[in-house]
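Open the model in your viewer and keep the selection panel at hand.

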Amino acid sequence: MAHAPTTVTVTGAGGQIGYALLFRIAGGDLLGPDRPVRLHLLEVPQGMRAAEGAALELQDCAFPLLDSVDLTDDANRAFDGSSVALLVGSRPRGPGMERAELLQANAGIFGPQGAAISAHAASDIRVVAVGNPANTNALIARAAAPGIPSDRFTALTRLDHNRALGRLSEALGVRPDAIRDVTVWGNHSATQFPDVSHATVDGVPVTALLAERMGGEDAAARWLDDVFVPGVARRGAEIIEVRGSSSAASAASATIDHVRDWVRGTHPDHGWTSAAVVSHGEYGVPEGLVSSFPVTSDGQAYRVVEGLELEPRARARIDRSVAELVAERETVEALGLL
Ligand code: NAX
């Protein structure tokens with residue numbers, strides 16, 4: 001039997017990630033080749049013309065799965081009947097802007113969007129915050145939607161995860177999909193910790209393979225500390241330096257991966273992936289924070305992979321990133337926004 005169209009809402013649809021995302025969604029990459037989609041695009045008035053242009057191009061693609069495109073600057077309409085909400089539009093950090101100002105400006109976007117989701121979305125709504133500061137934006141949206149189960153609110157760290165896979169693939173000379181059980185922990189920020197201590201290729205630890213290729217365990221450990229971890233965390237800045245603007249196609253692709261694996265389920269043969277989800281206290285991360293963890297999905301919810309041993313150095317790095325999330329939450333609370 002043919003499926004009814006699923007409503008997918010994209011905020012910031014006139015921006016550069018939006019432009020890279022919409023055509024992938026309409027082409028069937030997000031939900032599958034048998035799932036028609038109804039696109040709801042939310043923009044602010046300044047972004048509306050760009051979003052209109054994208055909508056014209058969507059029509060010109062004649063995608064068989066694209067049921068309709070609705071463009072609005074009203075969040076209540078944008079989230080009406082929505083089953084998937086991609087929260088991309090956000091307030092970027094302006095020159096001289098303090099972190100508290102940035103958090104406040106974005107709370108003014110993500111709070112009302114959370115409330116509109118709560119009031120109008122479909123009962124199976126799943127939300128991913130892409131716009132930065134993504135983890136705390138997801139926390140704010142969730143706080144404004146108390147009636148929706150907390151496991152429906154997530155933030156994107158899949159781009160960081162994919163960046164880690166790309167870098168390891170290059171270093172080891174294997175395909176990215178041959179590497180399993182890499183984890184990105186913590187905040188989508190410079191403090192994030194991409195962790196390979198449980199990662200394997202064909203059952204062989206990645207750390208052992210790196211040692212073999214780099215002439216010993218010390219050299220491999222130095223590469224991980226000095227090149228890999230900061231390189232993954234700084235990749236966004238590197239893209240800006242080289243490309244002249246921030247990651248767009250890779251961010252859109254990671255957003256597709258995040259939702260596709262959530263909705264269709266992760267494959268046991270491929271191990272886990274990384275996503276920022278609401279903590280229930282796993283690995284000592286304070287309850288309620290939206291922090292990145294190793295996760296799998298059964299097609300319903302992302303669940304944290306529990307019981308992994310953490311070396312003291314990994315523990316310290318995770319604690320540092322989580323402390324940053326705690327500080328962001330405290331700032332938002334102090335501003336009376338939670
Ligand atoms: P752009 O500035 O190209 O697009 C943002 C769009 O959002 C604009 O068209 C703007 O009009 C719209 N917008 C602003 N406020 C809005 C609101 N209240 N409702 C609806 N739309 C609104 O930015 P782009 O490069 O697309 O990046 C979007 C966000 O993704 C930024 O916050 C960026 O920092 C973040 N990123 C997050 C990543 C992640 O891994 N979590 C990686 C890529 C990216 O840096």
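How do the residues of the shell around the ligand divide into nonpolar, polar and charged? Nine are nonpolar, 13 are polar and one is charged. Here Ala, Val, Leu, Ile, Met, Phe, Trp, Tyr, Cys and Pro count as nonpolar; Asp, Glu, Lys and Arg count as charged; the others, Gly among them, count as polar.

Before you click further: this is a predicted model, where local features need pLDDT of at least 70, side-chain atom pairs count only at pLDDT 80 or more, and totals for chains, interfaces and linings use all residues. Residues are numbered from 1 along each chain as its sequence is written, and side-chain values use heavy atoms, with hydrogens and water left out.

**Stop 1: the ligand shell.** 23 residues surround the ligand. The closest are Gln 16, Ile 17, Glu 43, Ser 90 and Asn 132. Now colour domain 1 (6-155) and domain 2 (158-331); the bounds come from an automatic or database domain assignment. Both domains give residues to the shell, so the ligand lies between them. Show helix H1 (16-26) and helix H4 (99-120): each supplies at least two shell residues. Helices (H or I, at least four residues) and strands (E, at least two) are DSSP runs, numbered from the N terminus.

**Stop 2: polar contacts.** Look for pairs of N or O atoms within 3.5 Å; within protein, one must be able to donate a hydrogen and the other to accept it, and residues adjacent in sequence count only if both atoms are side-chain atoms.

- Asn 132: a side-chain N or O atom is 2.8 Å from a ligand oxygen.
- Val 130: a polar backbone atom is 3.2 Å from a ligand nitrogen.
- Gly 12: a backbone N or O atom lies 3.3 Å from a ligand nitrogen.

The protein covers 78% of the 880 Å² of accessible area that the ligand has on its own (Shrake-Rupley, 1.4 Å probe; for residues, only the protein chains shown count as cover).

**Stop 3: the whole fold.** Zoom out. The protein has eleven helices and 14 strands. Its C-alpha trace spans about 55 × 50 × 40 Å along the principal axes.

**Stop 4: two loops.** Select Ser 279, between strand S12 (273-278) and strand S13 (290-297). Its side chain reaches the backbone nitrogen of Gly 281 at 2.8 Å. Then go to Arg 175, between helix H6 (158-172) and strand S7 (179-180). Its side chain makes a polar contact with that of Asp 177 (2.5 Å).

Methods:
A residue is near a molecule or strand if one of its heavy atoms lies within 4 Å of it.
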